[in-house]
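Subject: A structure to look at

Hi there,

Here is the structure I promised to pass on.

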Amino acid sequence: MMRAQVNGQDLVVWRASNGDISAWDNRCPHRGMALSHGFVRGNDLACLYHGWHYGGTGVCRYIPAHPELDPPKTIKATVFSVAIADGVIWVNTQGAAEPAPVPMASQPLRSFHVVSHSESLARACRTVAFEGAFPEQLEQGLYQLGARQVFLLENPLDQGRLQITALADADATPEGCAALSRWCEAVRRSAQEEKVAA
Ligand code: FES
């Protein structure tokens with residue numbers, strides 16, 4: 001599981017043993033503990049505080065202090081719609097989730113957080129060299145690095161942070177992905193240093 005944020009909504013995103021992926025409000029319906037501190041138990045998410053178990057639909061299934069009790073179905077986590085495409089989990093807190101278009105055939109590369117602005121990040125992408133040459137920005141978020149391409153998805157978080165999900169072109173080899181991943185790290189450092197210097 002991991003903690004995430006979409007449009008200011010704090011989320012717990014987790015994968016059950018059966019492979020199902022869920023995105024919920026990151027608050028336990030019992031006393032509000034962050035569910036992202038809890039544990040995946042088979043196909044349930046268990047809260048760290050009192051151990052209540054919630055199934056994939058968000059409904060409470062088990063209360064350890066009352067093991068004989070069939071919990072009321074009204075005890076339920078707030079569940080959001082998710083869609084999965086090319087290794088990226090999309091969440092919509094207001095309706096049905098749909099993957100946004102990605103302008104190339106892609107594979108997941110890495111994700112990272114950076115304390116920076118979009119403009120600083122784009123500048124870093126154009127000025128941090130990859131294998132001795134400066135990348136070319138083809139369109140927003142899409143960069144040509146020699147024979148390779150990288151697409152950066154930006155998700156604004158709180159406290160001036162951006163969550164970046166980087167996709168590589170589908171043809172990139174593991175070695176190519178490793179090189180692109182190192183470039184992403186150099187971009188992250190450069191964008192963050194610019195923010196600190198400002
Ligand atoms: S706060 Fe989560 S089980 Fe009590």
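In what order do the five strands of the open sheet come, and is the pairing parallel or antiparallel? The order is 10-14-13-12-11, and the pairing is antiparallel. At the edges are strand 10 (106-115) and strand 11 (136-139), each of which pairs on one side only. From one strand to the next, the twist averages 30°, with axes being lines fitted to C-alpha atoms and angles running from 0 to 180 degrees between N-to-C directions.

A word on how to read this: the model is predicted, with local features needing pLDDT of at least 70 and side-chain atom pairs pLDDT 80 or more, while totals for chains, interfaces and linings use all residues. Residues are numbered from 1 along each chain as its sequence is written, and side-chain values use heavy atoms, without hydrogens and water.

Within the sheet, strand 13 (residues 148-156) pairs with strand 14 (residues 161-169) over seven bridges; pairing takes at least two DSSP bridges between two strands. Across that pair, Val150 stands opposite Ala168 in strand 14.

Now the protein as a whole. It has two helices and 14 strands (DSSP runs numbered from the N terminus: H or I of at least four residues for helices, E of at least two for strands). Its C-alpha atoms fill a box of roughly 65 × 40 × 30 Å along the principal axes. Of the 198 residues, 43% count as buried, meaning under 20% relative accessible area with a 1.4 Å probe, protein chains only.

Enjoy exploring!

Best wishes

Conventions:
Buried < 20%, exposed > 50% of the residue type's maximum accessible area, 1.4 Å probe, protein only.
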